[in-house]
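Me: I would like to learn how to read some features of a protein model. Please show me the structure and take me through it.

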Amino acid sequence: MTDPVQPTSHPMRQIRSYVLRAGRMGSGQQRALEELGPRFVVPFEATPANWDTIFGRTAPRVLEIGFGMGQATAEIAQARPDTNFVGVEVHVPGVGALLKLIEERQLSNLRILNHDAVQVLDQMIAPASLAGVHVFFPDPWHKKKHNKRRLIQPEFVAKLVSRLAPGGYLHCATDWQDYAEQMLAVLSAEPGLVNSVADGGYAPRPDYRPLTKFEARGLRLGHGVWDLVFNRAS
């Protein structure tokens, strides 16, 4: 797949947090969108959101970028009921799937934005307001000529850091070694971040990040998975 065509009047390529892909919508996902969407899907607005009002409480807030079908997102939200989670995903079937999980698990601490995460960060997230950011298994763009399309780049990381509160964390994970190496280099070079690992390397998988079925299968086959956890400097 390729990125959406950019207008010729804008020669500079903008950061995007996603690639558009086709996907089928199941009947259960469609029902969840219709019935639960009005409660749990937050409309995009070009103004900072009042998240305390949206959640009906004040609590630490974590943003997840690209939650896929939402299984890990729902498990994390269930395991951390004292934290509010905002999941951003552009693919509608994934939004429907997560809405189903919200209903099944009776989750009240999770909201969804069906929009580009870059615009969400720019417009709806106030500076220094997040307790954490999760970026799990972003598109690896494994062909070398496509590496420049990867999400974890210096400009985007600086944007994330600006939205983290002092002491807040950025947690990335990937199962592509060369992307892990790029992530480590980019995050280590960001002056606003400090590696949570004393030796400056990769972090053990935090207990709150569950193994996905795909990841567990990969590990059984001897594939690697790399976690990186950095904190915003005070």
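Reply: Helix α5 crosses helix α6 in a left-handed sense. A crossing is called left-handed if the near helix is turned anticlockwise from the far one by less than a right angle, and right-handed if clockwise. Helices (H or I, at least four residues) and strands (E, at least two) are DSSP runs, numbered from the N terminus. The contact uses V118, L121 and D122 from α5, and F156, K159, L160 and R163 from α6. Contact means heavy atoms within 4.5 Å. Sorted by class, the contact of α5 with α6 has four nonpolar, no polar and three charged residues. In this sorting, Ala, Val, Leu, Ile, Met, Phe, Trp, Tyr, Cys and Pro are nonpolar, Asp, Glu, Lys and Arg are charged, and the others, Gly among them, are polar.

Me: Before we go on, what kind of model is this?

Reply: The model is predicted, so local features need pLDDT of at least 70 and side-chain atom pairs count only at pLDDT 80 or more, while totals for chains, interfaces and linings use all residues. Residues are numbered from 1 along each chain as its sequence is written, and side-chain values use heavy atoms, with hydrogens and water left out.

Me: At what angle do α5 and α6 pack, and how far apart are their axes?

Reply: Two packed helices are described by the angle between their axes and the distance between the axes. Here α5 (residues 117-124) and α6 (residues 154-163) pack at about 40°, and their axes are 11 Å apart. That makes α5 oblique to α6. Angles under 35 degrees count as roughly parallel, over 145 as roughly antiparallel, 65 to 115 as roughly perpendicular, and the rest as oblique. The axes are lines fitted to C-alpha atoms, for helices over the stretch in contact, and angles run from 0 to 180 degrees between N-to-C directions.

Me: How are α3 and α4 placed?

Reply: The axes of α3 (residues 71-79) and α4 come within 9 Å and cross at roughly 30°. The two helices are therefore roughly parallel to each other. Their crossing is right-handed. On the α3 side the contact involves Q71, T73, A74, E75 and Q78, and on the α4 side L98, L101 and R105. By class, this contact has three nonpolar, three polar and two charged residues.

Me: How many salt bridges does the structure hold?

Reply: A salt bridge is a side-chain nitrogen of Lys or Arg within 4 Å of a carboxyl oxygen of Asp or Glu. The structure holds six of them. R31, E35 and E103 are linked in a network of salt bridges. In the bridge between R31 and E35, the closest N and O atoms are 2.8 Å apart. R31 and E35 are four residues apart in helix α1 (residues 27-40), which means they are separated by about one helical turn.

Me: Which parts does the pair of R31 and E103 tie together?

Reply: R31 and E103 form a salt bridge with closest N and O atoms 2.8 Å apart. R31 lies in α1 and E103 in α4 (residues 92-105), so the pair ties together parts that are 72 residues apart in sequence.

Me: Which residues does N84 touch?

Reply: N84 lies in strand β2 (residues 84-88) and, at 1% relative accessibility, counts as buried. Leaving out residues up to four places away in sequence, N84 touches F55, R57, A59, P60, R61, V62 and N109.

Me: What is the phi of A128, and what is that of F137?

Reply: Most residues other than glycine have a negative phi, and most peptide bonds are trans. A128 has a positive phi near 55° and is not a glycine. A128 sits in the loop between α5 and β4 and is partly exposed at 36%. F137 also is not a glycine, and its phi is positive at about 55°. F137 lies in the loop between β4 and α6 and is partly exposed at 28%.

Terms used
Buried < 20%, exposed > 50% of the residue type's maximum accessible area, 1.4 Å probe, protein only.
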